[in-house]
Every structure is written in structure tokens, then in C-alpha cells.
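The entries are kept in the order in which I looked things up.

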Amino acid sequence: MKLRYKHSLLIIGFAVLTLSACVTKKYERPKVVTENLYRDQTTTDSTTIANLPWQNLFTDANLQTLIQQGLNENLDLKQAIERIKIAQATLQQSKSAFLPSLQGDVSVTDAKQSKAALNFPAGVNINLETQTYKAQLSTSWEADIWGKLSSAKRSAYASLLQTDAAKRAVQTQLIANIANTYYNLLALDKQLAITLQTIKSRTSNVETMKALKDAAKVTGAAVVQSEANLYAAEVTLPDLRRSIRETENALNILLARAPGSILRSDLDSQSAYSNLQTGVSAQLLQNRPDVQAAEFGFRTAFENTNVAKTYFYPALTLTASGGLSSLQLKDFFSNSVFYNLVGGLTQPIFAKGQNKARLTTAQAQQQQAFYTFQQTLLTSGQEVSNALYAYQTATEKETTRAKQIASLTKAVDFTQELLRYSSATNYTDVLTSEQSLLAAQLSGVSDKLQKLQAVVNLYRALGGGWK
């Protein structure tokens, strides 16, 4: 008898799985473009800097401290962690759907009725009053015949994985933002130092022009031009200092700190990481958290479509209740047991178009999620390509910029000497060469900043920073 019972259970289980497979589908990664996403990159080497710990890429001790503080305190990252907790609760709820529900109920009911209402003879009017004491437990369980509950659980699990990937995406972006802001701060410091040095030099030039005017070698026009040149440099100081303060404040926001100064080194001590290995573009599926999140979003939508399909098929629900019921409290625990068991099969016939609308919506949302997945991949490839080219162009400018600054430095020295000791030039030449030198020096700072930030952006674009 037991063997026959087990055999029947196996047959029923196999039938349930077969029926479920006919309605719901098993998830498979959709076909998306993953090859040749990096422009002008044909490498087959899978080595990538995305696998480097961020401590190996950013060797500045002050920057490392700031990044670690950001990972510990950043409010966006903390919000992402709370979203994971919400997704975990949703997943646990979907798992509980496989279990039967259980409710308890204890009640006392007063009922009063007259005999006149019960068709007793005229003139007879006796009131009947009864009390019913009842305690019961009731349970309900839905059999997962078509895979609705299983698909809902897989959808919740995919949502959990999506929130976890989104948290890692926040982390990679946070590291990049801290590093880029830090380098920008160092660049502003360097530009301020260059401007202060320029002001010092131009102040000396003003005194020289005044002495040359006293010696009748230049006119008053040269003196006022030198003063105007000095003021042109001085007037940039307030904006530079404002930018430095605002950048410090922005960096403190990333660290969840109140506005204040930032402990830092200097731009000259920074060197950009040069071994920029990108791997192959298909690795973005494993390395980019936002790409992973997009795929999990598609998987969630896929399972929601499975759930929507099951609403077109009958649902098998078993309900049971039992307990104690008595008209006399003293008899409550004797001769008062009751129970009932009901099995029901509900087949949707007409649901006002709800089931069809639910399925159409789920399918459209699944298609949207697929497009988002592909778009995220394409954007990732674009970001890698842009960062690589930014690094390349910054490197190309380094040598030329150094030559330009060297030549302009000589031009300033030569024109100043000619102005002092001969009449072969005038102050306009000096003015032009000095202004060109300052512009080239500031551009040189921007070039180095571009190179440093290109490495940061490439690291993030490849998916580095969360491993």
C-alpha cells in the first residue's frame, strides 16, 4: 500500500513538472551584441585592469584613505545596501508562498431571536438567546501546478541579484568620482601655484618697466601695459580659490562629511597607470555591474512574463479548518470538535481582460528590459573607447606641450632682455609671450589631468573597483 502511495506521488509530481514546463519557459541569456564593442581594438588577450584591486591602481596614500572613507560612509552606497535588504525581504516572501497559510480565530457570538419569528401561536412571544463559543484554525494551500509560484520566486531572486549588482555599480562609480575629484583638486592647486608664480614674476616686471621708463628706454604706455598684465593674472585668483573650495566641498559630500579642507598631495607627484589592458568586450558581461544589473532586470521581466501566462490556467487550492465549538463554555473541550476540508479548482473564464492585459504588459516590459540590456552594453563599449582615446590624446600632447612651454619660456626671457638692453623690440612682444606662456602652462596642467582621469574612467568603464 505504501509503495503504491509513493508511486502515485511520483506520478503526480512528474505530471505537475510536465504541465509547468508547458506553460513557463526556462531562462536563457538573450542574444546581444558583445563583440567588437571597443573601437579600433582587436586584441584577444583577456587580461584586463578591471581585475585589479583599486589599491593597486591608486597608489597615492591620501587618495586611498579618501576612497576607503567613501566606501564606509557614502550615503548613496548605504541606500543601495538598504535596497538589497528590501529585495531580500521580497525574496523571502516569495519563498513563503509555497507554504500553506495558517490563521487562528477565537470568538464568542451572542444570538437573540423571538419565538414570534419562529411562527409560534399568536400571543406567544418568547425570546431565545444563545451564546456560541468557537476556536478554530484554518489553512489554505495553492498547488504550484503551472509554475506560477516558482517563476515568482525566480523573479524575486533576479531582483535581489539586480539590486546587488546596482550596489556594486554605485561602488565603482563612487571610486571613480572620488579619484576624479581628487585629481581635479590637485590640478586646481597646480594652476593656483602657477598663477601665483606668474603674479610674482609680473610684479617684478612692473618694477623693471618703471625703472626703464625712468631711464627713458620705454614709455609710460609700457608701464601701464605691464600693470594691466599683472592685474589680468591677479583677477583669476578669486575664481581659482572658489573652484578649489567648491571641489573640496564636493569631495566631502562623497565622503558624507560636512564641508571642509581635504588632506592631499600635489599633481607633480602623480603618475598615470600605463599598462592599460582592456581584455575583450565580451568580458563586460562579467565585469560591469551595471551590465549585470541590466541582465538581471531582463531576467526579472522574463519570469514576470511566465507568471502572467499562468493566470490563463486553473488554480488548485486546498483549504481546511477545524477547531472547537460549543453552546456552553463548560462543554467547550468535550464533544465540540468540528473540521472541514475543501479542494477547489478555479478556471478563469471571463476576467474583464485582466489576464490578457497582464500578459501583454509583461511581454512589453520584457522587451524593454532587453533593449536596456543591449543599450547598457553598447554604452559600456563607448565609454571604454572614449577613455582609451582620451588617454592616447593626452599622451600625444605631453611631448609637444613640453616643447611649447620650453620655447615660450625662452621667448619671454629673450624679449625681456631685448627690451632692457636694445630697441629691437617693444613691450607688446613681451606681453604676448608672457600671456602665451601662462596659457600653455595651464593647458599642460589640463593635459595631465586628462591623462589621470582617462585611466580612472577606463578602470570604471571596464568594471573595475568592486572585486
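The entries below cover confidence, helix packing and salt bridges.

**Entry 1: basis.** I am working from a predicted model, in which local features need pLDDT of at least 70 and side-chain atom pairs count only at pLDDT 80 or more, while totals for chains, interfaces and linings use all residues. Residues are numbered from 1 along each chain as its sequence is written, and side-chain values use heavy atoms, with hydrogens and water left out.

**Entry 2: confidence.** I looked up pLDDT, the predictor's confidence in each residue, from 0 to 100. The protein chain averages 86, and 85% of the residues score at least 70. Helices here are DSSP runs (H or I, at least four residues), numbered from the N terminus.

**Entry 3: α3 and α4.** I looked up the packing of helix α3 (residues 61-73) on helix α4 (residues 75-96) and found an angle of about 40 degrees, with the axes 6 Å apart. Axes are lines fitted to C-alpha atoms over the stretch in contact, and angles run from 0 to 180 degrees between N-to-C directions. The two helices are therefore oblique to each other (under 35 degrees counts as roughly parallel, over 145 as roughly antiparallel, 65 to 115 as roughly perpendicular, and the rest as oblique). Gly70, Leu71, Asn72 and Glu73 of α3 make the contact with Leu75, Leu77 and Lys78 of α4 (heavy atoms within 4.5 Å).

**Entry 4: α5 and α9.** The axes of helix α5 (residues 148-214) and helix α9 (residues 289-310) come within 8 Å and cross at roughly 165 degrees. I therefore record α5 and α9 as roughly antiparallel.

**Entry 5: α5 and α10.** I next looked up α5 against helix α10 (residues 354-421); their axes come within 10 Å and cross at roughly 20 degrees. That makes α5 roughly parallel to α10. Asn205, Thr208, Met209 and Leu212 in α5 meet Gln416, Leu419 and Arg420 in α10.

**Entry 6: salt bridges.** A search of the whole structure finds 17 salt bridges (a side-chain nitrogen of Lys or Arg within 4 Å of a carboxyl oxygen of Asp or Glu). I looked up one of them, between Arg242 and Glu246, where the closest N and O atoms are 3.4 Å apart. Arg242 and Glu246 are four residues apart in helix α7 (residues 237-254), and so are separated by about one helical turn.
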